[in-house]
Amino acid sequence: MTRLFINGEWLPGSAGEFDVENPADRTVIARVANGDAADATAAVDAAATALPAWRALPPRQRSEMLRRTYELMVRDTDSLAELISAENGKSLSDARGEVTYAAEFFRWFAEEGVRTGGDYGASPAGGTRTVVSHKPVGVAALVTPWNFPAAMATRKIAPALAAGCTVVLKPASETPLTTFAITRLLTEAGVPAGVVNIVPTKDAGGIVTTWLEDPRVRKISFTGSTRIGQVLLKQAADRVVNSSMELGGNAPLIVTEDANIDAAVAGAMIAKFRGGGQACTAANRLYVHADVAEEFTAKFGSAVEKLVVGRSSDGADIGPLISAKAVGDVTALVASAVEAGATISHRGEVPDDKGFWFAPTVLSDVPADAEIVRQEIFGPVAPIVTWTTDSEVIALANESEMGLAAYVFAGELQRAMRLGEAIDAGMVGINRGLVSDPSAPFGGMKQSGLGREGARAGLEEFLETQYLSIDWPESP
Ligand code: NAP
């Protein structure tokens, strides 16, 4: 199905259709329904109508549908991974990893959703009892990016449904197909009509504005760029819509002089090149101690040159970038780094055809204030900056308005933890290049976002707190 999904039905889009391309060869792999403002409102109609029954269901019943969806995603791992690869371009191994990660949100929130905690207490002054409980926030608008088409959707849908919310979701226009596949599995798992509604569109601004202006929509959960997040926060302010924002990153990766260099290289390969560098958590600037910079660069560069870039069907390690614009942006950042004095020390190879290829590249001697370390690269380029004292590298790491992820590779655990604690980032990998974990709170500081996904915190983003203040005369 490549249509809108509203109130349990697959419908044509009021604004026709648009193409979805495989970025590895630019072939059109699907024509997808193009939703407009009327479709957006119809989706809210369905979500608002389904809300009372869904939030009244015993949490265990909602939980069992989520658990079943987890099992169905695991069953369909291969076909989902192929779909992700086809529309996003990432390698099959990256895509399989994404399916496993994405499915886990259904299992995790199936488990968290039944722990409906509250509180009960006596006020210090006496005379009242306080009962605290949590209620679903209501109809939630979810907006997801193209770089993790499965995980960014499930990281929102699963906690929203577990909390008792119903949802309207707009997938990225580059990668709507994976969302459709997950929607089919939710239906197969028994999720009733109207609880999940999907509106693909080429008019993201129009659809999301319609939702934010609709008084029935009480929540916006967005993952994407800081620029669009700022736009949505301003729009949400008009109706004081509850907002969760997972925005851009600019992760520093620090290697100290006493680090295990082979382990640091292995970690940096994951932190930098997963999804071809198109991850919000991607290591964006590598700060390597001057004493080990030569050894690290040689070993890392050699691993980078061995990366196979190509189509997932050919067993490549990394695929193409998402678009011609992305290739242009990354090319310009590399050119400006070279102009500022950086050297291209290592470079991989790419297929000679019309996919959106970019060769994995290592830049050494990068000035600490180069544009490429200040911007989110979102591509397979690793700029290496050297440093000599811990206070210097902490200052460099914090010299950014972004604060999503960071990585520290150090020989002594306490030093690694001190460095990690000194960095203003929501997530810090210590001697490892991966921080994503459904049971841990994912999210950023500063302009990288508001709120957290995953963990218990991810459920709380979709709950309102209410207390009942009960008159309690001390002597009846
Ligand atoms: P983007 O341009 O902000 O797009 C993200 C989503 O917003 C897409 O669904 C897009 O729709 C939609 N959108 C675009 N313009 C909009 C508007 N005016 N109003 C409402 N929605 C709008 O980001 P991207 O380039 O796809 O994704 C890369 C960015 O996402 C990076 O900065 C990355 O760091 C960030 N990201 C963050 C996290 C995190 O958890 N913190 C995770 C993944 C990615 P269309 O597809 O139709 O344009």
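Author: Buried means under 20% relative accessible area, exposed over 50% and partly exposed in between (1.4 Å probe, protein chains only). What you have above is a predicted model, where local features need pLDDT of at least 70 and side-chain atom pairs need 80 or more, while totals for chains, interfaces and linings use all residues. Numbering runs from 1 along each chain as its sequence is written, and side-chain values use heavy atoms, leaving out hydrogens and water.

Reader: OK, rings to start. How many aromatic pairs are there?
Author: Rings of Phe, Tyr and Trp (its six-membered ring) pair if their centres lie within 6.5 Å; planes under 30 degrees apart are stacked, over 60 edge-to-face, the rest tilted. On that rule, the aromatic pairs come to six.

Reader: Why is the pair of Phe5 and Trp10 called tilted?
Author: Start with the spacing: the ring centres of Phe5 and Trp10 are 4.6 Å apart. The pair counts as tilted because the planes of Phe5 and Trp10 sit at 45°.

Reader: Now the pocket. Which element gives the largest share of the lining of the largest pocket?
Author: On a 1 Å grid over the protein atoms alone, a pocket is an open set of points with protein on both sides within 12 Å along at least five of seven lines, a cavity is a set where a 1.4 Å probe fits but cannot get out, and lining residues have an atom within 4 Å of a point. The largest pocket has a volume of about 1400 Å³ (points joined across faces, edges and corners; the volume is the space filled by probe spheres on them). Its lining has 45 residues, and those closest to the centre are Trp146, Gly224, Ser225, Arg227 and Ile228. Elements giving two or more residues are α7 (204-213), β10 (217-223), α8 (226-239) and α11 (324-339), and the largest share, six residues, is from α8.

Reader: Between which domains does the largest pocket lie?
Author: Domain bounds come from an automatic or database assignment. Both domains give residues to the lining of the largest pocket, so it lies between domain 1 (4-247 + 448-468) and domain 2 (251-430).

Reader: How far apart in space are Val217 and Gly426?
Author: Val217 is in strand β10, and Val217 is buried, with a relative accessible area of 0%. Val217 and Gly426 are 209 residues apart in sequence, and C-alpha to C-alpha their distance in space is 28 Å.

Reader: What volume does the largest cavity have?
Author: The search of the whole structure finds three cavities of 30 Å³ or more. Residues lining the largest cavity include Tyr101, Phe148, Arg155 and Phe442, and both domains contribute to that lining, so the cavity lies between them. The volume of the largest cavity is about 60 Å³.

How values were computed
Helix = DSSP H or I, 4+ residues; strand = E, 2+ residues; numbered from the N terminus.
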